Amino acid sequence: MRYMFLVFPFLMLAAIVYLAWHLWCLLPLGAGWKSVVIALGVCAFLLLFLGFARKFDSMPLWLASTCYEIGTSSIFVMLYMFMMFLVLDLGRLVRLVPRDWLYANWTTTGVLAALLVGIFVYGNLHYNNKVRAHIELTTDKPLQKELKLVMASDLHIGYHNRRSELARWIDLINAEQPDIVLIAGDIIDGSMRPIVEEHMAEEFRRLKAPVYACLGNHEYFSGDEAAVQFYKEAGICLLRDSVVEVNSIRIIGRDDRMNIRRKSVNELVKAPSGAVGGSYTIVLDHQPYHLDRTEAAGVDFQFSGHTHHGQVWPISWITDAIYECSFGEYQRGKTRFYVSSGLGIWGGKFRIGTCSEYVVATLKHKE
């Protein structure tokens, strides 16, 4: 992992040089205008790192949100530009693409620009269309009644998912009339500043069902103690390596694996506070690693997020390679899993080849 962090900056620099060279050759403009276009692109990319460094917190909220959107969107735009130029270069190698297509050519410039605009307009519209995923859970363990659970992960509220957007999501959840709401971490994107200024805790208090949640890695980025305080103000029951019993089911919330001293799932299943024989057990664990350990602990169902299913294609191929399950339903022995692609999103609001979703589950006794 440390090796990847060392290599990543060099890969990004190489990609920027590759894109800058192709733009310089392609744009049918004078040297001054070419320099301006490339400089604007580099500045947009640098905004990404200003966001990581929390430099937006001192800006007016509207300006901070704009800079956040531009900076985090730039990395996805660069990715698709890189792929387009790579396809053209490969076409040249096999003599399918004439050389003059890539040099001072208005037609190629217009086609590539139209493709980029089309892809990202589609990606934004697709992101804003929240998918309702439905699953059925059955058990032969005692249940007081059939339960309706609404589950979500990765809301990433902050500079880009503002209060008005959160309010729409709360309305979607309330419309389901759930018995319980479960959130698998990363409610907070990074900075607490927009959350506090827009009083977003008030929106969570509109939920008409008890809410249980675990922490995600982004709560650690924002400062875990500040995140914990926000959960309290929002009326969210934070399960941080702890167990609660509600409606005859056990809900276990694991601390995020950012805490290297967090308890194992086996310890939590066997904890005295959770030792209710025969209860249906649900685990909330933000990052879906080591699913075999959850299965071995005898858990009935685990809900996770974190992966975003790559957010845009082809990054989804990478998450599929990294995780045993990076999206959707999964069965391991007698344990069922669901890894959500997330209700919100990190960075630019684009979904390409993936979806933004919330999960509605019915838990009932086997016939």
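The model is predicted, so local features need pLDDT of at least 70 and side-chain atom pairs count only at pLDDT 80 or more, while totals for chains, interfaces and linings use all residues. Residues are numbered from 1 along each chain as its sequence is written, and side-chain values use heavy atoms, with hydrogens and water left out.

**Exercise 1. The whole chain**

Task: Find how the radius of gyration of the chain stands against that of a compact globule.

Solution: 
- Start with the secondary structure: twelve helices and twelve strands. Helices (H or I, at least four residues) and strands (E, at least two) are DSSP runs, numbered from the N terminus.
- Take the extent next. The C-alpha trace spans about 75 × 45 × 40 Å along its principal axes.
- Now compare. A compact globule of 367 residues would have a radius of gyration near 21 Å; the chain has 23 Å, which agrees. The radius is taken over C-alpha atoms, and the globule rule is 2.2 Å times the number of residues to the power 0.38.
- Check burial. Of the 367 residues, 53% are buried. Buried means under 20% relative accessible area, exposed over 50%, partly exposed in between (1.4 Å probe, protein chains only).
- Finish with contacts, meaning heavy atoms within 4.5 Å. Among those with a separation of 6 or more, 77% join residues 24 or more positions apart.

**Exercise 2. Asp 189**

Solution: 
- List the contacts, leaving out residues up to four places away in sequence. Asp 189 touches Tyr 68, His 156, Ile 157, His 160, His 218, Ile 345 and Trp 346.
- Pick out the polar contact. The side chains of Asp 189 and His 156 make one at 2.9 Å. Such a contact is a pair of N or O atoms within 3.5 Å; within protein, one must be able to donate a hydrogen and the other to accept it, and residues adjacent in sequence count only if both atoms are side-chain atoms.
- Compare sequence with space. Asp 189 and Gly 347 are 158 residues apart in sequence, yet 9.0 Å apart C-alpha to C-alpha.

**Exercise 3. Cys 25**

Task: Which residues are in contact with Cys 25, leaving aside its neighbours within four places in sequence?

Solution: 
- Cys 25 is in helix 1 (residues 2–26).
- Cys 25 counts as buried, at 11% relative accessibility.
- The contacts are Leu 102, Tyr 103 and Ala 104.

**Exercise 4. Aromatic rings**

Task: Classify the aromatic pair of Tyr 80 and Phe 120.

Solution: 
- Set the rule. Rings of Phe, Tyr and Trp (its six-membered ring) pair if their centres lie within 6.5 Å; planes under 30 degrees apart count as stacked, over 60 as edge-to-face and the rest as tilted.
- The structure holds 15 aromatic pairs.
- For Tyr 80 and Phe 120, the centres are 5.6 Å apart and the planes at 80 degrees: edge-to-face.
- Tyr 80 lies in helix 3 (residues 61–93) and Phe 120 in helix 4 (residues 106–128), so the pair ties together parts 40 residues apart in sequence.
- Tyr 80 is buried at 6%, and Phe 120 is buried at 9%.
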